[in-house]
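Here is a short tour for anyone meeting this structure for the first time. Have a look at the sequence and the model, then read on.

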Amino acid sequence: MKTEYLLQILEAIRKYFPFLKHVTTYARADSITRKSSDELNELRQAGLDHLYCGMETGSDAVLKLINKGFNADTVIKSGCMTKEAGMILSEFTLLGIGGKELSNENAIKTAEVLNIIKPDFIRVHATGFKPELKMGQLIREGSVTLQSEEEIVMEQRLFLQKLDKMDSYYVNEHVVNLLLEVRGSLNTDKEMMISSIDRFLNLPSDEKLLFAIGRRFNVFFFLDDLQKPDLHKKS
């Protein structure tokens, strides 16, 4: 969308919602890099102050696999441009998007990219694959191997381990994620988040399975719910 048109929209928003404090939009990495630094600054001054960017991964191999349409360098450039313009930046990442074959690469490369960008928010989602799309076909063909709940958690542990301590808020915010308690500031809560992951990984096999099933049926929301007898019975 052209900058001139976006500015008209922002002007209308200010006119009809004069008490609005923030304006947020989704933005692709390659859409951001098509703007100049001056254009991004102009949009920021007009009231657009928070971008939600679906980078998905920092791995070029995974980006190619999912046909994202850009590479990790574009993710880095767009993220840095957004921060330099003074905008709040939320980067969305996907656990399990590379299957077992690219699990470690997905975790490590995504962390490397985010360590450069230092976004305000790192929003983590587990991946859901639609059978009728390309990834579903690759899974059926055996080119991509689905991960278990435990393997996804292990990928997340590696991802968190590789992230630097920085002024970013890390959050498992979606109901599809297994461990909703894994959230906090990377400056102060990184060890606590890894400890929560280890708590799950150290559960007996039957308790891991029980918790995973309970989460999927919205019986359990946090690991502490395993200690509640009434919820135990429901699952």
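How far apart are the end C-alpha atoms of helix α9, and what span should its twelve residues have? Keep in mind that this is a predicted model. Helix α9 covers residues 190-201, and at 1.5 Å a residue it should span 16 Å. The distance between its end C-alpha atoms is 17 Å, which agrees with that expectation.

Now for the side of α9 that is hidden away. K190, M193, I194, S196, I197, F200 and L201 are the buried residues in this helix. Looking down the axis of α9, you find its buried residues within an arc of 150 degrees, so they line one face of the helix. And what covers them? Among the elements doing so are the helices α8 (149-162) and α10 (205-216), along with the strands β5 (169-172) and β6 (183-185).

F200 turns up again in the largest nonpolar core, which has 55 residues. Together with I122, F159, L160, L163, Y170 and L179, F200 is among the residues that touch the most other members of that core. Take F159 as an example: leaving aside neighbours within four places in sequence, F159 is in contact with T93, L95, A107, T110, A111, L114, I122, V124 and Y170. There is also another core, lying apart from this one, with eight residues that include I97, L102, M135 and V144.

Next up is F121, which sits in strand β4 (residues 121-126). Is F121 buried or partly exposed? Its relative accessibility is 26%, so F121 counts as partly exposed. Setting aside neighbours within four places in sequence, F121 is in contact with H50, I88, L89, S90, E91 and Y169. F121 and F92 are 29 residues apart in sequence, while their C-alpha atoms are 8.4 Å apart in space.

Finally, the cysteines. How many disulfides are there? The count comes to zero.

Methods: Residues are numbered from 1 along each chain as its sequence is written. This is a predicted model: local features need pLDDT of at least 70, side-chain atom pairs count only at pLDDT 80 or more; totals for chains, interfaces and linings use all residues. Side-chain values use heavy atoms; hydrogens and water are left out. Helices (H or I, at least four residues) and strands (E, at least two) are DSSP runs, numbered from the N terminus. The expected span of a helix is 1.5 Å times one less than its number of residues. Buried means under 20% relative accessible area, exposed over 50%, partly exposed in between (1.4 Å probe, protein chains only). The arc is that of the directions from the helix axis to the C-beta atoms. Contact means heavy atoms within 4.5 Å. A disulfide is a pair of cysteine sulfur atoms within 2.5 Å. A nonpolar core is a set of buried Ala, Val, Leu, Ile, Met, Phe, Trp, Tyr and Cys residues joined through side-chain atoms within 4.5 Å.
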